[in-house]
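Here is a chain to work through by question and answer. Start with the fold as a whole, then go element by element.

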Amino acid sequence: MTESVGIWNELVRLAVEGYNAGSLGIAAAIADQDGAIMAKGRNQLSDSLDSCNKIKMTSIAHAEMNALNNLPPERQHDRSLTLFTTVEPCPMCLGAVAMSSIRKIVIGSADPYAGSIRLLAKDDYLTKKGISAVFVGGRAEEICYALHYLSLRRYVRPNHVIFDQVRSRYPAYTKKLDELIDSQQLTLDGPIEALQLMKLLD
Ligand SMILES: [Zn+2]
């Protein structure tokens with residue numbers, strides 16, 4: 001996993017950029033077997049900042065869609081590539097991966113609301129594609145979840161069903177984040193900084 005540390009650092013940086021710009025703090029990258037990033041993307045549902053994305057300000061401006069869209073033509077048929085994403089892909093993004101040559105997904109944190117990895121075992125078409133999905137766990141999981149949760153706290157109405165689902169999936173992480181927000185060590189109003197967030201989660 002050592003070669004992927006650089007990938008997670010880049011994804012956290014990119015997710016923070018998205019969060020601070022007004023979109024969701026979610027990022028994705030496509031890497032080769034040596035861990036070199038071939039393409040990246042971030043959620044850009046709600047901001048027009050000049051970033052790595054071509055898809056902006058539309059309902060399909062998800063991190064994985066942008067990463068797939070940025071994959072160079074000479075890599076389009078490469079079956080050795082891995083998609084890294086900070087949050088479990090939704091059905092649209094999982095479908096887009098299935099239409100690509102990518103057959104391995106590494107996921108930072110689960111999304112019990114919109115995540116669709118279970119479909120890989122439930123849908124015949126997707127099962128035939130032979131896509132493997134791994135949840136990374138550990139520290140990367142906590143940071144990726146924190147960025148997702150802060151995005152939800154900032155942009156989603158508080159009584160939305162997603163909060164019950166993420167709280168029951170990640171009770172300890174959520175409790176820690178709620179305490180940091182309540183004690184104003186983390187603010188939902190201003191920008192966040194990646195290093196400061198990592199320090200708070202230590
Ligand atoms: Zn998606």
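**Strands, helices and loops of a predicted model**

Strands β3 and β4 pair in the parallel sense over five bridges. The model is a predicted one.

Q: Which residue of β4 does L83 stand opposite?
A: Strands β3 and β4 are parallel partners, joined over five bridges. Within this pairing, the residue opposite L83 is I105.

Q: What is the hand of the β-α-β crossover from β3 to β4?
A: β3 and β4 pair in the parallel sense. Between them the chain passes through α3. The hand of this β-α-β crossover is right-handed.

Q: Which residues of α3 are buried, and where do they lie on the helix?
A: Helix α3 covers residues 91-99, and its buried residues are C93, L94, A96 and V97. Viewed down the axis of α3, they fall within an arc of 160°. They therefore line one face of the helix.

Q: What covers the buried residues of α3?
A: The buried residues in question are C93, L94, A96 and V97. Two strands are part of their cover, β3 (82-87) and β4 (104-109). The cover also includes the helices α2 (63-70) and α4 (119-122).

Q: How many of the six residues of β3 are buried?
A: The rest of the structure largely encloses β3. That follows from the count of its buried residues, which is six of the six.

Q: How many of the six residues of β4 are buried?
A: β4 is also largely enclosed by the rest of the structure. The count of buried residues behind this is five of the six.

Q: In what order do the strands stand in the sheet?
A: The sheet is open and has five strands. Its pairing is mixed. The order is β2-β1-β3-β4-β5.

Q: Which strands stand at the edges of the sheet?
A: An edge strand here has a single partner strand, so one side of it is left without a neighbour in the sheet. The two strands placed like this are β2 (37-42) and β5 (132-135).

Q: Which residue of β2 is the bridge partner of I30?
A: β1 and β2 pair in the antiparallel sense, over five bridges. The bridge partner of I30 in β2 is A39.

Q: Which strands does α2 touch, and what angle does its direction make with that of β2?
A: Helix α2 packs on the sheet. The strands it touches are β1, β2 and β3. Its direction and that of β2 make an angle of about 145°.

Q: Which residue of β3 is the bridge partner of A29?
A: β1 (residues 27-31) pairs with β3 over four bridges, in the antiparallel sense. The bridge partner of A29 in β3 is F84.

Q: Which residue of β5 stands opposite V106?
A: β4 and β5 are parallel partners, with four bridges between them. The residue of β5 opposite V106 is V134.

Q: How far apart in space are G137 and I107, C-alpha to C-alpha?
A: G137 sits in the loop between β5 and α6 (138-155). In sequence, G137 and I107 are 30 residues apart. In space, their C-alpha to C-alpha distance is 8.5 Å.

Q: Is M57 buried or exposed?
A: M57 lies in the loop between β2 and α2. Its phi is near 60°, positive although the residue is not glycine. It has 12 C-beta neighbours inside 10 Å, so M57 counts as exposed.

Q: Where in the chain is Q184 found?
A: Q184 has a phi near 60°, a positive value in a residue other than glycine. With 9 other C-beta atoms within 10 Å, Q184 is exposed. Its place is the loop between α8 (171-182) and α9 (194-201).

Q: What radius of gyration does the chain have?
A: The C-alpha trace spans about 50 × 35 × 35 Å along its principal axes. For 202 residues, a compact globule would have a radius of gyration near 17 Å. The chain agrees with this, at 16 Å.

Technical notes: Residues are numbered from 1 along each chain as its sequence is written. This is a predicted model: local features need pLDDT of at least 70, side-chain atom pairs count only at pLDDT 80 or more; totals for chains, interfaces and linings use all residues. A residue is buried if 20 or more other C-beta atoms lie within 10 Å of its own, exposed if 12 or fewer, and partly exposed in between; C-beta atoms are placed from the backbone. The arc is that of the directions from the helix axis to the C-beta atoms. Two residues are in contact if their C-beta atoms, placed from the backbone, lie within 7 Å. Two strands pair if DSSP finds at least two bridges between them. A crossover is right-handed if, with the strands pointing away from the viewer, the path from the first strand over the helix to the second runs clockwise. The radius of gyration is taken over C-alpha atoms; the globule rule is 2.2 Å times the number of residues to the power 0.38. Axes are lines fitted to C-alpha atoms, for helices over the stretch in contact, and angles run from 0 to 180 degrees between N-to-C directions.
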